[in-house]
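Good morning, colleagues. Please keep the sequence and the structure in view.

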Amino acid sequence: MRRLLTGATAVALGVTGTLVMANSGSATSDQEVRYVVAYAEGSSAATARAAVKAAGGEIVSENSAIGVATVTAGEDFAEAANASSALVGAAQDRIVGATTPDAASKARKQEVSKVETEFRGGKGTAPKTPKPKGSSEPLSGLQWDMEQIHAGEANETERGEGVRVGIMDTGVDGSHPDIAPNFDARLSRNFTTDIPVDANGAPVDGPCEDEPDASCEDAADVDENGHGTHVASTIASPVNGVGITGVAPEADIVNLRVGQDSGYFFLQPSVDALTYAGRNGIDVVNMSYYVDPWLFNCTSHPADSPEDQAEQITIITAMQRALDYARSRGVTLVAAAGNQAIDYTKPQTDASSPDYASEPGEAAYVRDLLDPESCVSMPTEGDGVIAVSSTGPSERKSYYSSYGDGFVDVAAPGGDAYDTADRKRDFAATILAAYPYDLAVAEGAIDPATGEVLVPWAVADCSSGECSYYQYLQGTSMASPHAAGVAALIVGEYGSSDRSGKKLSPNKVEKILLSSATDKACPVPADFTYVRHLPNGNTATSTHTCEGGEAPNGFYGSGIVNAEAAVSR
């Protein structure tokens, strides 16, 4: 799961229920900190607002739909807020004041992100593009993932027309030729603000004057990271004679940007995007991330200070309220299981949190024996969220994918570069999807003068007369959108029409998604050893234990999503 960061544009829900964008501004002084506060159950808004004021805070924006507010205050605010019976607690928003990632947490964050691109190192050649079959898209021969879930067969009868899919990610390149036809610019929103540098002068997103519009507020059709565009393309790239096809090629792509270029996701944009999705007829959202700064939010771990415990409780409470709000309004929630290669149902050690320092001197610390009952990763472990593990071309669980019997709901192709006959990496064993042109140039993947692809992990399709570009990535971030795409097909096939398009309750979508999945039993023996022959000549091994035997089980949940079976009931 890629580690991605959020910013300071909040959404306030007015008394009429209309969403109003409220720009919460850029940095304040070193003495002023920005917090996200959750109101206590049973407290009136007036009482909670008074409690915020009494604790020394000033409300910048309020999401009244779920009882969450953004507050600016001094450094002593959290202690006072946590002591108030009218408030659940306060979580630092991590974007104002003296905040800088420490070197150790940066390294850990990059290690998790590296899974998605680790196969790029060293020499190699891009897979040869097979000739398309019949009327297939030009690069469809490289999409083993669509064959694994039988998307082509499903698309003969259902393509997701009238279904809105929200991409909660780093943004979506709405101008990409293989996204533009399905991109809903009217509904798309950016809930973040770029952060040039932190209060200590360390770079975060980079200078705003370097942006195309010289602004810290990116348009809602921009993705300078590439992660969100890849996800959106997997879900709904159209059948238009260009590049690839998505799982639901006629679904609407709605950019709900909650992640920043620099690699984090924080609380406020996530809850605001979820409430916006519920208010605006979004049918499915994909969430390929966890909310920073805690990989696992614990309610009572002895290694955590009272302030850190209150912050984690606030994150759990606010996120669950937002998830509940969206789901109660018809939004099916799909999330990635994570790339930590761990069993989420067993006690774990977390040495990566908090992964972003809220003040000088703060750093990640070791928390041993995390209790799965009291420590959860949000949003993936939130109630009502469909957790998706990753498979490779052979249908084995990907070596990096987290797992757990009762944690994973379904599996889907996310790629596995080492799922090959000789256990050496192969780009073709990962997932190909759209790549923003400007980002590809910036990353040295394309020669801007000629349009030539310069790296083996990127592919161009110029058959239509206009070149479009694609990149290979792997991760549960790539698996989750396959399941989200099948969910969109289910809504399209069985949903009823309304003024926003199609509607089907998330309970029904989840039931069909899980019951139509292709059963996949645990491997025999259940202790499965992964062998990877690395480009540097070393060999890496790891062993994961699959519990549950036949489906459902810890590797695959109810099975590998099956688009054809889902729409042919």
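This is a predicted model: local features need pLDDT of at least 70, side-chain atom pairs count only at pLDDT 80 or more; totals for chains, interfaces and linings use all residues.

Of the 569 residues in the protein chain, 62% are buried. The chain's secondary structure amounts to 12 helices and 24 strands. Consider next the contacts between residues at least 6 apart in sequence: 75% of them join residues at least 24 apart.

Let us turn to the sheet. Three strands form an open sheet in the order β18-β20-β19, and their pairing is antiparallel. β18, residues 431-434, and β19, residues 458-461, are the edge strands; each has a single partner strand, so one side of each is left without a neighbour in the sheet. From one strand to the next, the twist averages 30 degrees.

How many bridges join β19 to β20? There are four, and β20 comprises residues 468-473, running antiparallel to β19. Within this part of the sheet, A460 stands opposite Y469 in β20. A helix also belongs in this picture: α6, residues 227-236, lies across β18 and β20 and runs at about 100 degrees to β18.

I come now to the pair of helices. In general, two packed helices are described by the angle between their axes and the distance between the axes. For α7, residues 267-279, and α8, residues 306-328, the axes come within 8 Å and cross at roughly 15 degrees. That angle makes α7 roughly parallel to α8. The crossing of α7 past α8 is left-handed.

Which residues make the contact? On α7 they are L267, S270, V271, L274, T275, G278 and R279. On α8 they are T314, I315, A318, M319, A322, L323, Y325 and A326.

Finally, a single residue. N255 is found in strand β9, which covers residues 252-257. Is N255 buried or exposed? Its relative accessibility is 0%, and because buried means under 20%, N255 counts as buried. Leaving aside residues up to four places away in sequence, N255 touches I167, G171, V172, F183, S188, R189, A220, D221 and V222.

That concludes the presentation; thank you for your attention.

Notes. Residues are numbered from 1 along each chain as its sequence is written. Side-chain values use heavy atoms; hydrogens and water are left out. Two strands pair if DSSP finds at least two bridges between them. Helices (H or I, at least four residues) and strands (E, at least two) are DSSP runs, numbered from the N terminus. Axes are lines fitted to C-alpha atoms, for helices over the stretch in contact, and angles run from 0 to 180 degrees between N-to-C directions. Contact means heavy atoms within 4.5 Å. Angles under 35 degrees count as roughly parallel, over 145 as roughly antiparallel, 65 to 115 as roughly perpendicular and the rest as oblique. A crossing is left-handed if the near helix is turned anticlockwise from the far one by less than a right angle, and right-handed if clockwise. Buried means under 20% relative accessible area, exposed over 50%, partly exposed in between (1.4 Å probe, protein chains only).
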